[in-house]
Amino acid sequence: MNPNKPNMPAPSVEPDELSYYRLTLLSYLRESHPERAADDAFIRARAELAAEAFSNAVRSGMNYDEAVQQADEVLFQGLHFSRLDTLITVLWNEFADEVPAGRAREVALQLLPECGRVFSGYDLTDGFEFTPDFDRLCGELAGAISIWLEENGI
């Protein structure tokens, strides 16, 4: 029973449902990696690792900000580069006249599977956008998008 409300049972909540790290990761995945947002096992495991990293950092004497940084490194490892965000950027930069900014995400979601072959030619690691290959990727994506827009419109 809930002590604050007589005759009402306390809500049953799974611990994972309230995990800050799980919710943070899920939000990020929905925004930048929607293809991974339904991977509950990945989200749960990564959130547990981030919580453990935070706890270990605090126990080792790090201050709060340092511990948060350690946890975030674990939580977002391998997820800094986003195919979807890259497509949106290319649409904004190269196709602003054809694709209104407010529709860029919607169009990018349609393009994501179509551009898989282009992305597969690159090693898309964290920090990829700071390599010389990033500009080449954006050029190839612009070509693929141009063809797709000619064939499909928006």
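**Close-up views of a helical chain**

**View 1. Helices α4 and α5 make a right-handed crossing.** A crossing is called right-handed if the near helix is turned clockwise from the far one by less than a right angle, and left-handed if anticlockwise. What you see here is a predicted model, in which local features need pLDDT of at least 70, side-chain atom pairs count only at pLDDT 80 or more, and totals for chains, interfaces and linings use all residues. Residues are numbered from 1 along each chain as its sequence is written, and side-chain values use heavy atoms, with hydrogens and water left out. Helix α4 covers residues 83-94, and its axis lies 9 Å from that of α5, at an angle of about 120°. The axes are lines fitted to C-alpha atoms, for helices over the stretch in contact, and the angles run from 0 to 180 degrees between N-to-C directions. The pair therefore counts as oblique, the class left over once angles under 35 degrees are taken as roughly parallel, over 145 as roughly antiparallel and 65 to 115 as roughly perpendicular. On the α4 side, the contact is made by Arg83, Leu84, Leu87, Ile88, Leu91 and Trp92, and α5 brings Ala104, Arg105, Val107, Ala108, Leu109, Leu111 and Leu112. Contact here means heavy atoms within 4.5 Å. By class, this contact of α4 with α5 has eleven nonpolar residues, no polar ones and two charged ones. Ala, Val, Leu, Ile, Met, Phe, Trp, Tyr, Cys and Pro count as nonpolar, Asp, Glu, Lys and Arg as charged, and the others, Gly among them, as polar.

**View 2. Val107 sits in helix α5, residues 104-114.** Val107 is buried, because its relative accessible area is 1%. Buried means under 20% relative accessible area, exposed means over 50%, and partly exposed is in between, with a 1.4 Å probe and protein chains only. Setting aside neighbours within four places in sequence, Val107 is in contact with Leu91, Val99, Trp148 and Ile154.

View 3. Helix α1 (residues 20-32) packs against helix α2 (residues 40-59) at an angle of about 130°, with their axes 8 Å apart. That angle makes α1 oblique to α2. From α1 come Tyr21, Arg22, Leu25, Leu26 and Leu29, and they meet Asp40, Phe42, Ile43, Arg44, Arg46, Ala47, Ala50, Ala51 and Phe54 of α2. The residues of this contact of α1 with α2 divide into ten nonpolar, no polar and four charged.

**View 4. Ser32 belongs to helix α1.** With a relative accessible area of 5%, Ser32 is buried. Beyond its neighbours within four places in sequence, Ser32 is in contact with Ser82, Leu84 and Asp85.

**View 5. Ala53 belongs to helix α2.** Ala53 is buried, at a relative accessible area of 15%. Not counting residues up to four places away in sequence, Ala53 touches Gln70, Ala71 and Val74. Ala53 and Glu73 are 20 residues apart along the chain, and their C-alpha atoms are separated by 9.1 Å.

**View 6. Asp123 lies in the loop between α6 (116-120) and α7 (132-152).** Asp123 is exposed, with a relative accessible area of 58%. Asp123 and Asp133 are ten residues apart in sequence, and 9.2 Å apart in space from C-alpha to C-alpha.

**View 7. Cys115 counts as buried, at 1% relative accessibility.** Cys138 counts as buried too, at 18% relative accessibility. The structure holds zero disulfides, where a disulfide is a pair of cysteine sulfur atoms within 2.5 Å.

View 8. Helices (H or I, at least four residues) and strands (E, at least two) are DSSP runs, numbered from the N terminus. Read from the N terminus on, the elements run α-α-α-α-α-α-α. Of the 154 residues in the chain, 33% are buried. Among contacts with a separation of 6 or more, 61% join residues 24 or more positions apart.
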